[in-house]
Amino acid sequence: MSQGLKFREAINSNNPLVIPGTINAYSAKLAERANHKAIYLSGSGVAAASYGLPDLGVTTMEDVLIDVKRITNATSLPLLVDIDTGWGDAKSISTTISEMDKAGCAAVHIEDQVFDKRCGHRPNKQIISISEMKDRLKVALDSKIDESFFIMARTDAIASEGIDEAINRCGEYLEEGADGIFLEAVTSIDQYKQFKKNFSAPLLANITEFGKTPLFNQKELNEAGVDIALYPLTAFRAMSSSAEKIYDSIMKDGTQESLLDIMQTREELYEVLDYYNFEKKLDEQFKENKEGT
């Protein structure tokens, strides 16, 4: 089964489908061990974690693609990827879709912000016209290699145009052929309900911390008709906070001993990585080489 079909099946089989952000290949393996059915790579996460940069359209398609390949090589879970605005003109969008598809990605979301985009929960976002976004979507849809590859349209229109116009945009994007909708910076559970009164297409709720959207629980989201609950940087924020504590402890206390209880042990790490089987194969290789000399 293709990754796109896996993603579509996961949406149909879960109410809602819970998708955690996985900042790298090891995080993806942890999510798989926790029995998640799909995972996510955030553009903001790539900028912050892989390059130490803000989410202001600084990173490129190639930057994101590196992390996509690492993740898809480490897990069999279908991966949803943030491709921002598609990184440029029609040719850039077309290349992005084909490269993501070839890299083993299952789905992407492309947004209606201007090229010099901002985080979806920051002020002063600027969006393009409906016709321009439909052009982006047409190119993306026409560039699919695998027909099951899932292309989601994200709209940031709530912040500047209100929910009614955002819903109108969603209708236009779905009419163009988008497989689902990412309704960004929602401020009320009723806004999801309003979408579902108009459309049956898969709807994603971005439940990111410290932003415009309240931390609705999965029961509330299910009752509102939301199909996908996304937690884009939840684990990364927790990892970063823990790392800060460790770095401070080493400098201030001269030891990390008091923080051992919040660490993953060596054995736990080895278990996730299947370390001993890799080591066994290496030992066998050494033995064969020695016997061959």
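Author: Of the 293 residues in the protein, 46% are buried. That's a predicted model talking, so keep it in mind as we go. The protein has 12 helices and 8 strands. Its radius of gyration is 21 Å, close to the 19 Å that the globule rule gives for 293 residues, so the protein is as compact as a globular protein of that length. Along the principal axes, the C-alpha atoms fill a box of roughly 70 × 50 × 35 Å. As for how the chain folds back on itself, take the contacts between residues at least 6 apart in sequence: 68% of them join residues at least 24 apart.

Now for the close look. Two packed helices are described by the angle between their axes and the distance between the axes. Take H5, residues 90–102, and H6, residues 130–142: their axes come within 8 Å and cross at roughly 40°. That angle makes H5 oblique to H6, and the crossing is right-handed. On the H5 side you'll find Ala-90, Ile-93, Ser-94 and Ile-97, and they meet Arg-136, Val-139 and Ala-140 of H6. Sorted by class, the residues of this contact come out as 5 nonpolar, 1 polar and 1 charged.

Leaving aside residues up to four places away in sequence, Ala-140 touches Ile-93, Ile-97 and Ile-151. Ile-93 and Ile-97 are also among the H5 residues in the helix contact. Then there's Gly-86: Ala-140 and Gly-86 sit 54 residues apart in sequence, yet their C-alpha atoms are 8.5 Å apart in space.

For a second pair, go to H11 (residues 266–273) and H12 (residues 275–292). Here the axes come within 6 Å and cross at roughly 70°, which makes H11 roughly perpendicular to H12. Glu-267, Tyr-270 and Leu-273 in H11 meet Tyr-275, Tyr-276 and Phe-278 in H12. By class, that contact holds 5 nonpolar residues, no polar ones and 1 charged.

How values were computed
Residues numbered from 1 in each chain as written. Predicted model: local features only at pLDDT ≥ 70, side-chain atom pairs only at ≥ 80, totals over all residues. Heavy atoms only, no water. Axes fitted to C-alpha atoms, helices over the stretch in contact; angles between N-to-C directions. Helix = DSSP H or I, 4+ residues; strand = E, 2+ residues; numbered from the N terminus. Parallel < 35°, antiparallel > 145°, perpendicular 65-115°, else oblique. Left-handed = near helix turned anticlockwise from the far one by under 90°. Contact = heavy atoms within 4.5 Å. Nonpolar A, V, L, I, M, F, W, Y, C, P; charged D, E, K, R; others polar. Rg over C-alpha atoms; globule rule 2.2 N^0.38 Å. Buried < 20%, exposed > 50% of the residue type's maximum accessible area, 1.4 Å probe, protein only.
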